[in-house]
Amino acid sequence: MLRRLAPFLLFRGLFMTAHPELLTPDEASAMGGRGQLTIIDIRLSVEWERTGLPEGALAISLQDRTLQPRAEFAADVLAALAGDPHRPIALICASGHRSAFAQQLLVESGFTAVYDIGEGMLGGDYGPGWLARALPTEACRL
């Protein structure tokens, strides 16, 4: 029996080791609701207007109008966290690709507790996403 489980256990161990900073939308919503982390929606304003934001999330776009990363992104996140780069945050985008990039950028900038909501708002490689899970959203406040 152990021989049959070995590939599964190896895969599970590799997955858990490779993605320890990955949260599901359900986990992020619950943790955000308990005040254990701050959710930051890094999509563009047009995307926020289309779908709303996760309830309680901050809206800090990673990109500018030309779709290039904004030079002031890390500084804006730091300011939103009252200057505390150790405060836990979870990043969300549409499908998990931009949030993974932003996670790495923030870690390289000195942030120490950065999680990625890999499913995104619309679903992606890790699952169906925030909206398909019918998690709470709120209108864009911009």
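Visitor: What pLDDT does the protein chain average, and what percentage of its residues score at least 70?
Guide: The protein chain averages 88, and 86% of the residues score at least 70; pLDDT is the predictor's confidence in each residue, from 0 to 100. This is a predicted model, in which local features need pLDDT of at least 70 and side-chain atom pairs count only at pLDDT 80 or more, while totals for chains, interfaces and linings use all residues. Residues are numbered from 1 along each chain as its sequence is written, and side-chain values use heavy atoms, with hydrogens and water left out.

Visitor: Over which residues does pLDDT stay under 50?
Guide: That is residues 1-18, for which the model has 3 contacts beyond four places in sequence. A contact means heavy atoms within 4.5 Å. Where pLDDT is low, the predicted coordinates should not be read in detail.

Visitor: How many helices and strands does the protein chain have, and in what order do the elements run?
Guide: There are 5 helices and 7 strands. Starting at the N terminus, their order is α-β-α-β-α-β-β-α-β-α-β-β. Both kinds are DSSP runs numbered from the N terminus: helices are H or I with at least four residues, strands are E with at least two.

Visitor: What makes strand 1 and strand 4 edge strands?
Guide: The open sheet has 5 strands in the order 1-6-5-2-4, with parallel pairing. Strand 1 (22-23) and strand 4 (58-59) each pair on one side only, which is what puts the word "edge" on them.

Visitor: How do you know that strand 1 and strand 6 pair?
Guide: Two strands pair if DSSP finds at least two bridges between them. Strand 1 and strand 6 run parallel and are joined by 2 bridges, so by that definition they pair. Leu-22 stands opposite Asp-116 in strand 6.

Visitor: And over how many bridges do strand 5 and strand 6 pair?
Guide: Strand 5 and strand 6 pair over 3 bridges, in the parallel sense. Ile-89 has Val-114 of strand 6 as its bridge partner, and Ala-90 stands opposite Tyr-115 in strand 6.

Visitor: How does the span of helix 5 compare with the expected one?
Guide: Helix 5 (residues 97-108) has 12 residues and reaches 17 Å from its first C-alpha to its last, close to the 16 Å expected. The expected span is 1.5 Å times one less than the number of residues.

Visitor: Which residues of helix 5 are buried, and why are they said to be on the same side?
Guide: Arg-98, Ser-99, Ala-102, Gln-103 and Leu-106 are buried. They cover an arc of only 140 degrees around the axis, which puts them on the same side of helix 5; the arc is that of the directions from the helix axis to the C-beta atoms. On the other side of helix 5, His-97 and Glu-108 are exposed. The cover over the buried residues of helix 5 includes helix 3 (45-51), helix 4 (73-80), strand 5 (89-92) and strand 6 (114-117). Just after helix 5, Gly-110 takes a positive phi of about 105 degrees.

Visitor: Why do the buried residues of helix 4 line one face?
Guide: In helix 4, Phe-73, Ala-74 and Val-77 are buried. Seen down the axis of helix 4, its buried residues fall within an arc of 95 degrees, so they line one face of the helix. Those residues pack against strand 2 (38-41), strand 5 and helix 5.

Visitor: What sets Ala-134 apart in its phi, and how do you class Leu-67 by accessibility?
Guide: Ala-134 has a positive phi of about 55 degrees although it is not a glycine. With a relative accessible area of 66%, over the 50% limit, Ala-134 is exposed. Leu-67, in the loop between strand 4 and helix 4, also has a positive phi, near 70 degrees. At 49% relative accessibility, Leu-67 falls in between the limits and therefore counts as partly exposed.

Definitions and conventions: Buried means under 20% relative accessible area, exposed over 50%, partly exposed in between (1.4 Å probe, protein chains only).
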